[in-house]
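This briefing goes through one protein chain, topic by topic. Please look at the sequence and the structure first, then read the points below.

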Amino acid sequence: MNHIALVIVLYHPTADDLKQVVRLSEQWSGCVVDNSDQRSFDGDEVNHMHYAFFGANMGLGFAQNYGIELMRRKSDVTHFVFLDQDSRVSADYPRQIVEIFERIVQEGNRLALLGPTQVNRRTGEVYRSAIHRDKPLSDSFIPRREVVSSGCCISNQAIFHVGRMASELFLDYTDFEWCWRAASIHYVCGITPQLTIEHKVGERELKIGKYRVIISAPPRYFYQYRNYLWLLRRRDAPLQWKVATGIKQLARLVYFPLLVRGGVKCWVHMWRGIRKGLKATPR
């Protein structure tokens, strides 16, 4: 029998975000980890879910690890479902993705992580890689080298073998790095086309020719550039990712100050990330 625990991470959530958390907590157990500087809920429980408030932003990886360890101590969890505060899913979503996860495992796949199909909340379009071409293994499973953690399901068994999230990355590429580690010990990750989730990446988008460029909050670029330089040294980071991401980051250094509104502020954080990334590596 599957025992499911939700791990929901908050950071300055809106009233609508909190309503979603309350709806899910009425049916599911798990942990709500709040990285905000002010409490979103009173007490230590939100219906069936534990509420953890630290008073500061501890990072995505730290928050997910905290939720994992807490629920492992509290119950015999078989699967974790990770949600961001802006993940909009039905109350039945956790059961659905775990059932699909187990069906893919029964087909003979050593599955570590399964994500939904991510849909751009602004445009309604499915997020697609400009580099990768999907090769579905079945109607329910498309292998992916990297999968966004929002809405994903990970088995407790896979976490036992692969390890916890890399909390030192704080935010960007935390989910990618975990997928690479899983692949290094012969697990597979991927998405299912049978479930979709609306997701907003970045704060806005810029259209340059036929390409959409995602514009994030300026401080995010510190983590993107620092973490890229850290991961560049890692053997399990795919060469294609290193090259493609490196080209993208070099291009941003050139056109962000010229073409992007608020691009100079982003550019400053990029260089801060580069300086930090060149100085040291956490592993």
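A helix axis here is a line fitted to the C-alpha atoms over the stretch in contact, and the angle between two axes runs from 0 to 180 degrees between N-to-C directions. The model is predicted. The points cover helix packing, a surface patch, salt bridges, backbone angles and some loop positions.

**Helix packing around H8**

- Helix H7 covers residues 239–259, and its axis lies 7 Å from that of H8 at an angle of about 155°.
- Angles over 145 degrees count as roughly antiparallel, so H7 is roughly antiparallel to H8.
- The crossing of H7 and H8 is left-handed.
- Helix H6, residues 218–231, also packs with H8: their axes come within 7 Å and cross at roughly 30°.
- Angles under 35 degrees count as roughly parallel, and H6 and H8 are therefore roughly parallel to each other.
- The crossing of H6 and H8 is right-handed.

- Val 264, Trp 267, Val 268 and Trp 271 make a nonpolar surface patch of about 350 Å².
- One of these residues, Val 268, belongs to helix H8, which spans residues 263–279.
- Is Val 268 buried or partly exposed? Val 268 counts as partly exposed because its relative accessibility is 42%, between the limits of 20% for buried and 50% for exposed.

**Salt bridges**

- Side chains of opposite charge can pair when their charged atoms come close.
- A salt bridge is counted when a side-chain nitrogen of Lys or Arg is within 4 Å of a carboxyl oxygen of Asp or Glu. By this rule there are ten salt bridges.
- One of them joins the side chains of Arg 88 and Asp 16, with an N to O distance of 3.1 Å. This pair links distant parts of the chain, since 72 residues separate the two partners. Arg 88 is in the loop between strand S5 (79–84) and helix H3 (93–106), while Asp 16 is in helix H1 (residues 15–25).
- Arg 88 is partly exposed at 23% relative accessible area, and Asp 16 is partly exposed at 41%.
- Glu 69 and Arg 72 form another salt bridge, and their closest N and O atoms are 3.3 Å apart. Both residues lie in helix H2 (residues 60–74), where a spacing of three residues is about one turn of the helix.
- Glu 69 has a relative accessible area of 22%, so it is partly exposed. Arg 72, at 28%, is partly exposed too.
- How far apart are the closest N and O atoms of Glu 99 and Arg 95 in their salt bridge? The distance is 2.7 Å. These two residues are separated by about one helical turn because they are four residues apart in helix H3.
- Glu 99 counts as partly exposed at 40% relative accessibility, and Arg 95 is partly exposed with a relative accessible area of 31%.
- A network of salt bridges links Glu 177, Arg 181, Arg 234 and Asp 236.

**Positive phi angles**

- His 12 is not a glycine, yet its phi is positive, near 50°. His 12 sits in the loop between strand S1 (4–10) and H1.
- His 12 is partly exposed, with 42% relative accessible area.
- Tyr 173 also has a positive phi, about 70°, although it is not a glycine. Its place is the loop between helix H4 (156–162) and helix H5 (174–184).
- Is Tyr 173 buried or exposed? Tyr 173 counts as buried because its relative accessibility is 13%, and buried means under 20%.

**Loop positions and distances**

- Gly 43 is in the loop between strand S2 (30–34) and strand S3 (45–46). Gly 43 is partly exposed, with a relative accessible area of 41%.
- From C-alpha to C-alpha, Gly 43 is 9.6 Å from Phe 53, and the two are ten residues apart in sequence.
- Ser 75 lies in the loop between H2 and S5. Its relative accessible area is 33%, so Ser 75 is partly exposed.
- Ser 75 and Gly 43 are 32 residues apart in sequence, and their C-alpha atoms are 21 Å apart in space.

Technical notes:
Residues numbered from 1 in each chain as written. Predicted model: local features only at pLDDT ≥ 70, side-chain atom pairs only at ≥ 80, totals over all residues. Heavy atoms only, no water. Patch = residues over 30% accessible without salt bridge, like charges linked within 9 Å, V, L, I, M, F, W, Y side chains within 5 Å. Areas by Shrake-Rupley, 256 points an atom, 1.4 Å probe, with all protein chains shown as cover. Buried < 20%, exposed > 50% of the residue type's maximum accessible area, 1.4 Å probe, protein only. Parallel < 35°, antiparallel > 145°, perpendicular 65-115°, else oblique. Left-handed = near helix turned anticlockwise from the far one by under 90°.
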